[in-house]
Amino acid sequence: MIKLVNVRKVYRMGQTEVEALKDINMHIAAGELVAIMGPSGSGKSTLMNILGCLDRVTEGTYELDGRLVSDRDERDLAKVRNRHLGFVFQTFNLLPRMTALRNVEQPLLYAGVSGRERRQRAEAALQRVGLGDRMHHRPNELSGGQRQRVSIARALVNRPSIILADEPTGALDSRTGEEIMGLFQELHADGATVIVVTHEPDVAEHVNRIIRVRDGRIVSDQPVASPVRAADRLRELMQHAEGVAAGESAASPNAVGPTAAGEGATAS
Ligand SMILES: Nc1ncnc2c1ncn2[C@@H]1O[C@H](COP(=O)(O)OP(=O)(O)O)[C@@H](O)[C@H]1O
Ligand SMILES: [Mg+2]
């Protein structure tokens, strides 16, 4: 699906050069859920831009879906992006004057899909992310988590080979971030290939493989033995919140567990 061989990326600024990526060799198969992690300035966004065909390698090759894309020109890359890639950004990048539905229709408009099919597919994508009842809202009428769901629907609507998400939970509170990671886990379970860039260990715990970068190099590439399931984490957060609301304390033997808050308790 994705194959990078000996990739190097150099930014030239006047007389100075910044070597943002070096010796990058990477293979990602269809259906993987991967995190790219590293500190600020390590080259994550540069790598993401290359994977997303938003920028080009200085040296080396990039193969996407069996096609060499590293030698394509800007026009070809725009086509590859539109047909094969879905993007999710930290700050959502939605068009503020347009409804959720119109935002999600945008990639299909560029792809030349007819009005009726556009609408049907955008509606289906919004339903998929749990926003069937918010289609006619504008971004400023939605919460941060809902905005990010719209942008995930927009990323899905073209049925891309790969979804690339750059710090998708960076602008969200931890609970909402958990919900968004849960959505990526669901999409992955349905067969999607998802690559998430993050610097947060909590976020990376949710994926099946973590590729770490530092100073422009891959320093480790490891499977995650048992990824955190967002659905479980959300249940824990909810129980904790209910426990706090009900005045439970750590001293109470019933403070943890499904019956702690009374709700959902069954007589036995
Ligand atoms: N457009 C650019 N021009 C020049 N240098 C850049 C550019 N983009 C990034 N860099 C440099 O490349 C390195 C990697 O940056 P980046 O990929 O944004 O890292 P990260 O996303 O991990 O924070 C940094 O040293 C950064 O300053
Ligand atoms: Mg970055």
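How many bridges join strand β3 to strand β9, and do the two run parallel or antiparallel? Here are some notes to read beside the model.

1. Before the details, a word on what you are looking at. This is a predicted model, in which local features need pLDDT of at least 70 and side-chain atom pairs count only at pLDDT 80 or more, while totals for chains, interfaces and linings use all residues. Residues are numbered from 1 along each chain as its sequence is written, and chains are lettered from A and ligands numbered from 1 in the order in which they are written.

2. Now the opening question: β3 (residues 33-37) and β9 (residues 209-214) run parallel and are joined by four bridges. V34 has R209 of β9 as its bridge partner. R209 also stands opposite P223 in β10. β9 and β10 (residues 217-223) pair in the antiparallel sense, over six bridges. Two residues lie between these strands in their hairpin, where D215 takes a positive phi near 50°. (Strands pair if DSSP finds at least two bridges between them.)

3. Stepping back, the protein has eight helices and ten strands; helices are DSSP runs of H or I with at least four residues, strands runs of E with at least two, numbered from the N terminus. Of its 268 residues, 36% count as buried, meaning that 20 or more other C-beta atoms lie within 10 Å of a residue's own; exposed means 12 or fewer, partly exposed in between, with C-beta atoms placed from the backbone. The C-alpha atoms fill a box of roughly 70 × 45 × 35 Å along the principal axes.

4. Have a look at the open sheet, where four strands follow the order β2-β1-β4-β5 with antiparallel pairing. β2 and β5 (67-68) are at the edges with a single partner strand each, so one side of each has no neighbour in the sheet. Five bridges link β1 to β4 (residues 59-64), and L4 has Y62 in β4 as its bridge partner.

5. Ligand 1 is worth a visit. The residues around it include Y11, M13, V18, A20, K44, S45 and T46 (near means a C-beta atom, placed from the backbone, within 6 Å). β1 (2-13), β2 (16-28) and α1 (44-51) are the elements giving two or more residues to this shell, and the largest share, three residues, comes from α1. The shell divides into four nonpolar, seven polar and one charged residue. Here Ala, Val, Leu, Ile, Met, Phe, Trp, Tyr, Cys and Pro count as nonpolar, Asp, Glu, Lys and Arg as charged, and the others, Gly among them, as polar.

6. On to α4 (residues 115-128), whose buried residues are R118, R121, A122, A125 and L126. Seen down the helix axis, these buried residues fall within an arc of 135°, so they line one face of α4 (the arc is that of the directions from the axis to the C-beta atoms). R116 and E117 are exposed on the face turned away from the buried side. The buried residues pack against α3 (100-110) and α5 (144-156); contact means C-beta atoms, placed from the backbone, within 7 Å. After α4 comes G130, with a positive phi near 80°.

How values were computed. Contact = placed C-beta atoms within 7 Å.
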